[in-house]
Amino acid sequence: MPDLIMKPKGTNDVLPGESYRWHYIESILRKTAEDFGYREIRFPAFEYTELFVRGVGDTTDVVQKEMFTFTDRGGRSITLRPEGTASVVRSFLENSLYGAGLPVKCYYIVPNFRGEQPQAGRYREFHQFGVEYLGSPCPSADAEVIGIYTVILERLGIKNIRLNINSIGCPKCRPNYHAALKSYFDSRKSELCGTCLGRMEKNPMRILDCKSPVCKKIAADSPVVLDFLCDECREHFENTKAMLDAMDIKYSIDPQIVRGLDYYTKTVFEFVSSDLGAQSTVCGGGRYDGLVETLGGQPTPGLGFASGLERLMMIMDAQGIIIPEPGRCSIFIAALGEKADMPVQKLVHDLRRMGVQAERDTAGRGLKAQMKYADRLGASYSMVIGDNELGEGKAKIKDMSTGGQFECLLTAEDIKKAIM
Ligand code: ATP
Ligand code: MG
């Protein structure tokens with residue numbers, strides 16, 4: 001026999017017995033986004049590499065270490081999507097979505113691909129729910145976007161999540177901060193990792209996002225960005241916080257958050273959970289007022305967040321949140337004897353057409369084995385059709401939970417009426 005072929009490292013199957021969990025979470029994500037006025041956007045699973053190099057930033061971990069990149073047959077560099085924001089902005093510009101008026105509010109649920117070392121909560125293919133809000137510079141947009149995620153957590157029943165926020169300024173105040181960071185890191189140069197040494201000149205803020213424990217420790221004592229904000233950024237941050245206060249959304253200020261993208265400006269935030277182990281962030285986002293311009297559009301403010309679905313599920317499991325499993329069989333119809341085979345087939349088909357989850361045996365089982373199968377399917381009702389039932393045109397329906405029985409005509413309409 002040939003060898004079994006296994007899935008690639010860092011990927012996951014969602015099996016038929018667990019897909020209801022995904023459907024449940026996805027339906028809450030969609031409903032909440034739509035309640036806030038966001039509509040779904042879909043975009044390709046791969047893009048020209050240039051989009052991510054420019055849109056995510058060439059000093060980020062994602063671009064420097066994690067992209068799945070290959071050359072297509074025409075010789076162009078292609079990358080499997082590592083995140084959604086760059087694609088949304090690309091699509092926003094390519095399709096002139098701004099033409100219908102701003103703001104544009106959209107959400108997505110997509111798989112992303114990153115060549116990371118797999119571990120719990122960190123995969124090479126993972127799923128993100130994200131929202132993007134394009135066209136508003138106002139703190140109310142920041143507060144709205146953060147508010148969406150708090151409602152999602154509430155609707156999923158997730159507790160003990162902390163919201164950390166920060167402001168990382170804008171191109172006006174950033175140079176002063178960069179200079180302060182650079183002189184601080186210069187003094188600890190010999191201890192930094194190789195990647196961060198390279199980041200010193202181009203983007204010293206990236207060092208704050210480094211995962212290496214040594215760099216993390218050095219970063220902990222670095223100058224704080226909030227001390228360098230210009231008046232506009234300070235006012236924006238104060239107003240955002242006041243909005244959150246007005247909405248009863250609790251947060252802490254964490255001056256160490258810089259986020260993974262290069263083009264974030266002003267507000268950045270993370271939702272973190274102690275139920276995730278090493279991967280404590282379940283959702284990250286912020287404002288990226290420079291991104292649309294970076295990707296070739298007219299200056300347009302924007303912001304958004306992305307949350308990992310696998311991490312959401314890990315938290316729900318850790319907190320013992322039960323996701324209701326939908327039934328898969330309302331009625332099992334057993335055929336007793338050869339003559340019943342055809343009528344049972346038709347009844348089951350008609351019931352399904354009418355929206356009833358009807359099942360039958362298709363493995364040639366005897367009656368006892370058929371009833372065992374009905375149990376395994378979790379059938380709510382069962383019915384046995386043999387020569388007698390066919391002769392009389394009716395049969396007994398058994399309520400599998402109480403054992404009670406009642407009679408019913410052998411038509412799909414009557415059966416449906418009897419059990420619904
Ligand atoms: P991390 O610090 O955990 O690497 P990140 O800053 O790279 O996260 P983002 O790019 O901001 O993450 O993505 C937002 C969210 O997407 C994360 O908070 C997490 O929930 C999820 N996520 C990111 N990378 C992965 C991954 N490799 N596997 C599973 N989920 C992921
Ligand atoms: Mg990462």
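The model is predicted, so local features need pLDDT of at least 70 and side-chain atom pairs count only at pLDDT 80 or more, while totals for chains, interfaces and linings use all residues. Residues are numbered from 1 along each chain as its sequence is written, chains are lettered from A and ligands numbered from 1 in the order in which they are written, and side-chain values use heavy atoms, with hydrogens and water left out.

The chain is assigned domain 1 (19-173 + 229-318) and domain 2 (331-419); such bounds come from an automatic or database domain assignment. Between the C-alpha centres of domain 1 and domain 2 the separation is 50 Å.

Ligand 1 is surrounded by 15 residues, of which Arg 114, Glu 116, Arg 122, Tyr 123 and Arg 259 are the closest; a residue counts as near if one of its heavy atoms lies within 4 Å. By class, this shell holds six charged, five nonpolar and four polar residues, where Ala, Val, Leu, Ile, Met, Phe, Trp, Tyr, Cys and Pro count as nonpolar, Asp, Glu, Lys and Arg as charged, and the others, Gly among them, as polar. Strands β6 (125-134), β10 (281-287) and β11 (302-308) each supply at least two shell residues, and β10 gives the most, with three. Strands are DSSP runs (E, at least two residues), as helices are (H or I, at least four), numbered from the N terminus.

Several polar contacts (pairs of N or O atoms within 3.5 Å) can be traced here. A polar side-chain atom of Glu 116 lies 2.5 Å from a nitrogen atom of ligand 1, and one of Arg 114 lies 2.7 Å from an oxygen atom of the ligand. Thr 281 instead places a backbone N or O atom 3.3 Å from a ligand oxygen atom. Of the 590 Å² of accessible area that ligand 1 has on its own, the protein covers 90% (Shrake-Rupley method, 1.4 Å probe).

Helix α11 (residues 309-318) is largely enclosed by the rest of the structure, because seven of its 10 residues are buried, meaning under 20% relative accessible area with a 1.4 Å probe and protein chains only. Among these buried residues are Glu 310 and Arg 311. Just after α11, Gly 320 takes a positive phi of about 65 degrees.

A search of the whole structure finds zero disulfides, a disulfide being a pair of cysteine sulfur atoms within 2.5 Å. For Cys 193, the nearest cysteine sulfur is that of Cys 196, 3.7 Å away. For Cys 408, the nearest is that of Cys 329, at 15 Å; Cys 408 is buried, with a relative accessible area of 5%.

Definitions and conventions
Polar contact = N/O pair within 3.5 Å; in protein donor to acceptor, adjacent residues only side chain to side chain. Buried < 20%, exposed > 50% of the residue type's maximum accessible area, 1.4 Å probe, protein only.
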